[in-house]
Amino acid sequence: MVSDSPSSSDAPPAKSWPAGGLEVVATCPVCGEGERELAHAGVRDRVFACAPGEWNLYRCLACGSGFLDPRPTVATIGLAYASYFTHASAEGVGQPPRSAWRRYRVAQRNAYLNLNYGYRLTPAAARIPRWLSTERRQRWEKHCGYLRFAGPGARLLDIGCGNGRFLLQMRALGWDVSGVEPDAKSAAAAVAAGLKVRVGPLQTGLLPDAHFDAVTLNHVIEHLHDPIAVLRMALRSLKPGGALSVATPNFEAAGHRLFGPDWFPLDPPRHLVLFTPASLRRVLVRAGFEPEGTLRLRLDARGIFTHCVRLAAGGSHPSSKASLVSTSWLRTRWLARKADRQTRENPGLAEELVLLARRPAATAA
Ligand SMILES: [Zn+2]
């Protein structure tokens, strides 16, 4: 079954993954240790419902990361992307707003990013509203990938840029943008939007050395067979002191504890590795980066929980907590508010991890 959008359908993929298209993952892809426990058995692609097969997801006992074993090989993983959201066009992103209300909001956002992130955007509101909700602040900060502006002509690379939506946003903020994208269909959408995008596998030697002021990996690292190799490639491509911004689902999220196998960001078999706050920091250090001390706060449980509740209602896993979770809109909101409150106290419970890091200024990569 092929669908164009996330589906709550519980219809099982018809076949198993092609013979010879699987590889064994003997040790943790993040830390290299071998001790692990089974976190979820027999999970299936219920998000896009286009990938055949059932998958076992393990938790590394050394670093806490999650990983599939066995998993699709590099040669066959494309089967899992037969239908994917980044195939859609990003037309209209980065264009000036049409309505007066949107123009007013954008002027406020510009003022906020100018003051806090060093941008030089116009038109900017004379002052930022005295009171701003955490949600609005983080929406504005997410808009620039939590990156300080590195000056006119500063170069930004988005690894796994998909249809180029984020690059179009960043170009409108003043960056000189380019991307790399392994999925041909998504890359074609980005090129059609007028972006410089290189199509092909994310491999060593693909990028110029010490060229970019910032590199972003926005919900990409969890899709990679060899996250460390790609991070090292990103490190080399950054100028010394250049910034890396990584966003990825949090394996220790409040939602994962609540929804178990119905936690939608498990997304097998596209998500090969799932990180915890500690293991994400660890993998960045292992690749040569200097990560920031704290995570960027993200309160966004509602969007994730809405999908989880749909999956839970499908109830296709014997261990599903569907009976515990009402499908009502009100209950979803209540659960999400509670999770966001917990996350305010402890950002390590956020649904999404956002961590910034730098290429060390003094040492060679
Ligand atoms: Zn590990």
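**View 1. Helix 8 passes helix 9 in a right-handed crossing.** A crossing is right-handed if the near helix is turned clockwise from the far one by less than a right angle, left-handed if anticlockwise. This is a predicted model: local features need pLDDT of at least 70, side-chain atom pairs count only at pLDDT 80 or more, and totals for chains, interfaces and linings use all residues. Residues are numbered from 1 along each chain as its sequence is written.

**View 2. Contact of helix 8 with helix 9.** Helix 8 contributes Ala301, Arg302, Phe305, Thr306 and Val309. Helix 9 contributes Thr332, Arg333, Leu335, Ala336, Ala339 and Asp340. Contact requires C-beta atoms, placed from the backbone, within 7 Å.

**View 3. Strand 13 and its partners, strand 10 and strand 12.** Helices (H or I, at least four residues) and strands (E, at least two) are DSSP runs, numbered from the N terminus. Strands pair if DSSP finds at least two bridges between them. Strand 10 (residues 238-249) pairs with strand 13 in the antiparallel sense over seven bridges. Val246 stands opposite Leu355 of strand 13. Strand 12 (residues 290-291) also pairs with strand 13 in the antiparallel sense, over two bridges. Glu290 has Arg358 of strand 13 as its bridge partner.

Methods. Contact = placed C-beta atoms within 7 Å.
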